[in-house]
Each structure stands twice: as C-alpha cells, then as structure tokens.
Amino acid sequence: MSGVLVLIEQVGGEVAAISRELLGKGKELAAALGGPLSAVVVGGDVSAVAAKVVALGADTVYTVADAALAVYTTDGYVAAAQAAVAAAQPALILSGATFQARDLGAALAADLDAGLVVDVTDLQVAGGAITAARPSHGGNVVNAYSFTPGKVVVALVRKQSFAEATGGAGGTVKALALPATTIRTQVASVAPKSGAVNLTDAAIIATGGRGLGDKDNYYKLIPKLAEALGGAYGASRAVVDAGWVPYEHQVGQTGKTVSPKLYVAAGVSGAIQHLAGMRTSRNIVAINKDPEAPIFRVATFGLVGDVNEVLPLLTDELKRRLGR
Amino acid sequence: MHILVCLKQVPRDNSVKINADLSVNADGIEKIINLFDEYAIEEGIVWYEKHGGKLTILSLGTDEWVEQIRRALAMGATDSVLLKDPSFANLDTLAAAKVVAAAVRKLGDVDLILTGRNSTDDESGAFAPALARTLGWPQLTYVGKVLDVDAAGKKVTVERHLEAVVETVSAGLPAVVSVIKDINNPRYPSLLKIKKVAKITPPVWTAADLGVSGLASATTITNRVPPPSRPKGEVIDGPDAAAKVKKLVDKLLENQII
Ligand SMILES: Cc1cc2nc3c(=O)[nH]c(=O)nc-3n(C[C@H](O)[C@H](O)[C@H](O)COP(=O)(O)OP(=O)(O)OC[C@H]3O[C@@H](n4cnc5c(N)ncnc54)[C@H](O)[C@@H]3O)c2cc1C
Ligand SMILES: Nc1ncnc2c1ncn2[C@@H]1O[C@H](COP(=O)(O)O)[C@@H](O)[C@H]1O
C-alpha cells in the first residue's frame, strides 16, 4: 500500500472542481506517503477527461470505460473503483462528498473494510501516518482522526478545502476492464431538477426567514435581491415548513450546508440549526429588526432594520452600482 | 412484509460541549428522534399499512434511547429491538453497521430497511451504504419519493433526489433505502397511543446475542475542538435605511465581496 488514488468526478466532459482540488492535495500527500498519485476516471466515455487528469499531474490515470457505466449505479461504480484500487494499491483514497460521491465512497470503504471519514476539511501525513479533520454537530465541533495502521483510508472531502492542481508532468493512462459484476439497480431515468437550485455551488446566497412575513412578500423581495447579487436564494426551515419555499432552498442542519463568498440573511433569527448550515460562509450580512438577534453574532456586516424597507432599497442600490 | 427502520437519538440542537475524554457532552439538551429518521418511520408506516406484516424499529444505543423508540411505536411501528453492549460504545459508522447487520441477519425475514439520510449530530451519512454492503443488499440513498414497494414482485422503486438531478431507480428486495426530508409528513402520535406504549421496553440484544466479537473501529478520534471563532463583525449604522444600505454596498464593493 502506497500513494494516493483520486476518484475523479466529471461534469460535462470536464474535471470537476473538487477533483482538481483532490489532485492538488493528493500530489502533496502522495509525496509524503512515498508513493505515486493515481486517479481513476469511470464512465461510458472517459478518454477526454483522462487526458485532462494527466495534464493536472497524476502519475497514472486508470480508466474504466463501459456502456454499463454510462449512468451511475452503486454496484457498477464500486466495481470499477475496486479495479483501480487493485491496480494502484493506494494507502489513501480521495473523493468528493456530494450525495453520489457519498453513496459510492461509503460503499467502497465498507467493501474494503477501510477507515472512512466523511466531509473532511483537512488531511495531513506525518511520519507515514494519515490524519484527517472534519466538522460535526453542525460545525460546532471539529474532530481530528487517526487510522488503524494497515487499513486503507477513504476520505470524502468537502468542496473548497484545498487549492486546485494547476498542472504537472504528464503521466500515463492505463485502461482497466470493468470486473464482472451484477448491477442490482435499474435506473429508469435521470432528469435535471426543474428550476435547478444548486445552492451548494452558489458563490452568493440571499436567504429570507420568517421576518419576511408571508410567502408573497418573500417572493417579492428575496429572489430579486438574489438576482441583483447574481446569486441563488435560500430559506430558513421556518419558511420551508410554512410552505412558502421548496425544501431544496433550505439552509441548515436539516437542509443544505453552504459556504459561499457572501451569505445575506434577511429576517432570519440565526437559530443554531440555521447557523449549522452557513457559519463557514466567508462573509455574512445580517438584516434584522431585532438588534439582539443571534444572527448578528456571526455577521461580518450587521444592519438593523425592517426588511420591507431595507431590501427594496438594497436591491435597487445593488442594481445601480453593479450596473445590472 | 417485514420493514425495519433504523432509529438514532440525537440532541435537538448542537450547542454541545466537549468532555475531557473527548466525548461529546449533550447534557441538558432535549433528545429527539433524528429528524430524517422520523421521515423513515412515517414512510415505513405507509407501506406497512399497505402490505401488513411487521414494522420494526432498530437502534444501536443506550437505555436513554427507549423514549424515542416508544415514540416511534406510538406513531405506528409494531416491534422494536435495542442493541446494547459495552463493546458497542464509540464504534465508528462502519463498525456500527456491522453490528446492525448482524441483528438484521438474526431477525432473518427483513424485506426493506429504511434509514435517515444522515444523523444531525455525527452527520456521516455513511450508515445506509455501509449496512447495505455488509448485508450484500442493494442500496438506494437520498430517496425523496418511494414510488412503489411491490411486496409480491419483491421490488422497490424510488426517486433519488440528488443535488442537480432526480433519478428514478428500482432494486430488488431486500434492499436498504435512506430518505431525505421532503418525502412525507410524519404523523404526530395520539396521546392515547403514547399512553399505550409507555410501558413497552424493547428487547435488548447484546454482542453475545448477536455473536459479534472483536469489534474495532478503523478510525480513532484524537482530538475535538470548537470551531475557530469568526472575526468580529461591523455594525452598519446610519441616520436612515437608505444611508445604511448605501454604506453596506460601499463596504461590499470596497472589500471585493461583490
Ligand atoms: C431538529 C431541528 C432541525 C432544524 N433544522 C433547521 C435547518 O436546517 N434550517 C433552519 O433554518 N432551521 C432549522 N431548524 C429550526 C430553527 O430552530 C429555527 O426555528 C428556524 O431557523 C427559525 O427560522 P427563522 O429565523 O426564519 O424564523 P424566526 O426564528 O421566527 O426568526 C425571524 C426573525 O425575523 C426577524 N424579523 C421579523 N420581522 C422582521 C422585519 N419586518 N424586518 C426584519 N427582521 C424581522 C425577527 O426579529 C427574527 O429574528 C431546526 C430545528 C430543529 C429542532
Ligand atoms: N446507532 C444507530 N442505531 C440505529 N440507526 C442508526 C444508528 N446510527 C445511524 N443510524 C441510521 O443511519 C442514518 C444515517 O446516520 P449517519 O450515517 O450516522 O449519519 C440515521 O438517520 C439512522 O437511520
């Protein structure tokens, strides 16, 4: 066992940003472990992406291409990943932490009887031993992990944890066959979500809470603010449960965890379960009529005021100044 | 049909403290059923009511969790089992899934296992895949809609709600399904039912009962700290709302945030 294997995610023929991060960090960790940096690209068609991964500095890029892998299935992708694990014999396997990556990474880790850590934000190697850090309890606790020697480590990493690989000396591509496997799930369709709101990817999020008063007022003010900022709109659980906004907009402990460059919370009190989903945002603007609202404790900029007065002014001012 | 729901107890909020031995201290915080598990229970009830059979609640926990198990029974579950043993304390997710898998094998006739998407305290989300792989069953994770549980045809068909797509997928039974929040509206148990189950104590299965020994986690928590605190914020003052808004936008532009 030596070196690092990165499970590559592709989006529309490109290497996903998280995979570029993992190749960057993986290079450093592989050197510290005294082994190569390998990567595996799995899918129906993989050659274009494999070439891009080589250019990002992987020593060996394994490909597993098969018509059966054109759509994701746990069985198919675990079998493909297993082929790469058998070829690379890594000490550390790195993957992202999206829903699909968790479905795969946790299943692979269970099959390998590995040391598994999910939602990792930091990884280190010292004296040949791997350590990892990850938040739990809604970000209120940061845990440090060590692993039982001799066990392969599977780390599913949170977006924006490491610097992306910029390039490196080219390695080689090795094609592997998909091992014989029974795929026990049948995928009937894969449909893009209507009005897709990929909150987790948004650089700017404007969130409205119960302080918006009612559904009509929420829609009158929050999506417009988000649009003026060029971002997505979010919601507190209170307004999702009230039926104002669909669940996929919910931020917090039981919604999405987001970490945008700018998070605007308007009419949101800042309950601990809400903070769990957004406290790592780089900048937080809080707008609330109650100066004692807990949201102000995490705010980079706090503005005490009535959303009905402040938000229309803010949207207009942003449009004017940003020329939108 | 025998449906099994995995239930975890969690603190209502995460304002927890860290003990000297690095365990998490949630003393004084109300304990509840992990929110996603409440949806799993409701979904279990729906299909149990359709097909009959049994709906079992399974927890790997402590006596403290019985209150939550009773709530699930009051909602409509028919049976329960508590897995409890000193050797189960502090197991990581993969090791815990092995214990639960042993219990599922002991039950022998389970057709469908429902779990939550993740627990709101540990937030690993790895339990359902780990359990499925250990049992050798197919897994369907992040399910936002169960379209059909076909008892005769031994098949389950679901929608998996991922970040940007919805997959319609089916699998043969037995299978493991993990559910997200908007799948249903969990019912409130009636007072009468709460009273009825108040004295039920779930049977306890120990490591010896399950024939599991030499349990070990491959991960060890070596440190736990609170998150780094955020830099002190700035209050945006001004004579009126318009002045405050202008000042705020100035700040956002100056700091190249927008
Ligand atoms: C197990 C569990 C999980 C949870 N998960 C989540 C989660 O994922 N996400 C989440 O958000 N919550 C979650 N919650 C709920 C959380 O505890 C709070 O109830 C919720 O976040 C409150 O939403 P809110 O801030 O919109 O509403 P409130 O708490 O009602 O706050 C409204 C705020 O608006 C302000 N306001 C009112 N009128 C105006 C006005 N005209 N102008 C300006 N400000 C105004 C008020 O001062 C107040 O601060 C969870 C709770 C539990 C128990
Ligand atoms: N100790 C446990 N006992 C029973 N079910 C559990 C336990 N731990 C996790 N689960 C189930 O697995 C789901 C995901 O938990 P986790 O992977 O720990 O985030 C939970 O929602 C429960 O349904």
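Is Lys181(B) buried or exposed in this predicted model? With a relative accessible area of 4%, which falls under the 20% cut-off, Lys181(B) is buried.

**View 1. Lys181(B) and its contacts with residues of chains A and B.** Lys181(B) sits in the loop of chain B that runs between β12 (175-179) and α5 (191-197). Its side chain makes a polar contact of 3.1 Å with the side chain of Asp241(A), and another polar contact, of 2.5 Å, joins the side chains of Lys181(B) and Gln250(A). When residues up to four places away in sequence are not counted, Lys181(B) touches Arg237(A), Val240(A), Asp241(A), Tyr247(A), Gln250(A) and Thr254(A) from chain A, together with Leu35(B), Phe36(B) and Tyr39(B) from chain B.

**View 2. The largest cavity, with a volume of about 50 Å³.** A search of the whole structure finds two cavities of 30 Å³ or more. The lining of the largest cavity takes Tyr72(A), Thr73(A), Thr74(A), Thr185(A) and Val187(A) from chain A, and Gln139(B), Leu140(B), Arg160(B), Glu167(B) and Val169(B) from chain B. Two or more of these lining residues come from each of β13 (185-192) of chain A and β9 (139-150) and β11 (165-172) of chain B. By class, the lining of the largest cavity holds four nonpolar, four polar and two charged residues.

**View 3. The second largest cavity, with a volume of about 40 Å³.** This cavity is lined by Thr74(A), Asp75(A), Arg184(A) and Thr185(A) of chain A, and by Arg133(B), Pro138(B) and Gln139(B) of chain B. Its lining divides into one nonpolar, three polar and three charged residues.

**View 4. Helix α8 of chain A, residues 307-322.** The 16 residues of α8(A) should span 22 Å at 1.5 Å a residue, and because the end C-alpha atoms are 21 Å apart, the model agrees with that expectation. At the N-terminal end, Asp306(A) caps the helix through a side-chain oxygen that lies 2.8 Å from the backbone nitrogen of Asn308(A), while just after the helix Gly323(A) takes a positive phi of about 65 degrees. Within α8(A), the residues Val307(A), Val310(A), Leu311(A), Leu314(A), Thr315(A), Glu317(A) and Leu318(A) are buried. These buried residues pack against α5 (215-229), β16 (262-266), β17 (283-288) and β18 (301-304) of chain A, and also against α7 (241-254) of chain B.

**View 5. Backbone geometry at Asp119(A), Gln256(B) and Pro174(B).** Most residues other than glycine have a negative phi, and most peptide bonds are trans. Asp119(A), although not a glycine, has a positive phi of about 70 degrees; this residue lies in strand β7 (residues 115-120) of chain A and, at 9% relative accessibility, counts as buried. Gln256(B), also not a glycine, has a positive phi of about 55 degrees, lies in the segment after α7 of chain B and, at 61% relative accessibility, counts as exposed. The peptide bond from Leu173(B) to Pro174(B) is cis, with omega near 5 degrees, and Pro174(B) belongs to the loop between β11 and β12 of chain B.

**View 6. Lys50(B) and Met1(B) in chain B.** Lys50(B) lies in helix α1 (residues 35-51) of chain B and is exposed, with a relative accessible area of 55%. Although Lys50(B) and Met1(B) are 49 residues apart along the chain, their C-alpha atoms are separated by 9.8 Å.

Methods: Residues numbered from 1 in each chain as written. Chains lettered and ligands numbered in written order. Predicted model: local features only at pLDDT ≥ 70, side-chain atom pairs only at ≥ 80, totals over all residues. Heavy atoms only, no water. 1 Å grid on protein atoms, 1.4 Å probe; cavity = no way out; pocket = protein on both sides within 12 Å on 5 of 7 lines; lining within 4 Å. Points joined across faces, edges and corners; volume = space filled by probe spheres on them. Helix = DSSP H or I, 4+ residues; strand = E, 2+ residues; numbered from the N terminus. Nonpolar A, V, L, I, M, F, W, Y, C, P; charged D, E, K, R; others polar. Buried < 20%, exposed > 50% of the residue type's maximum accessible area, 1.4 Å probe, protein only. Polar contact = N/O pair within 3.5 Å; in protein donor to acceptor, adjacent residues only side chain to side chain. Contact = heavy atoms within 4.5 Å. Expected span 1.5 Å × (residues − 1).
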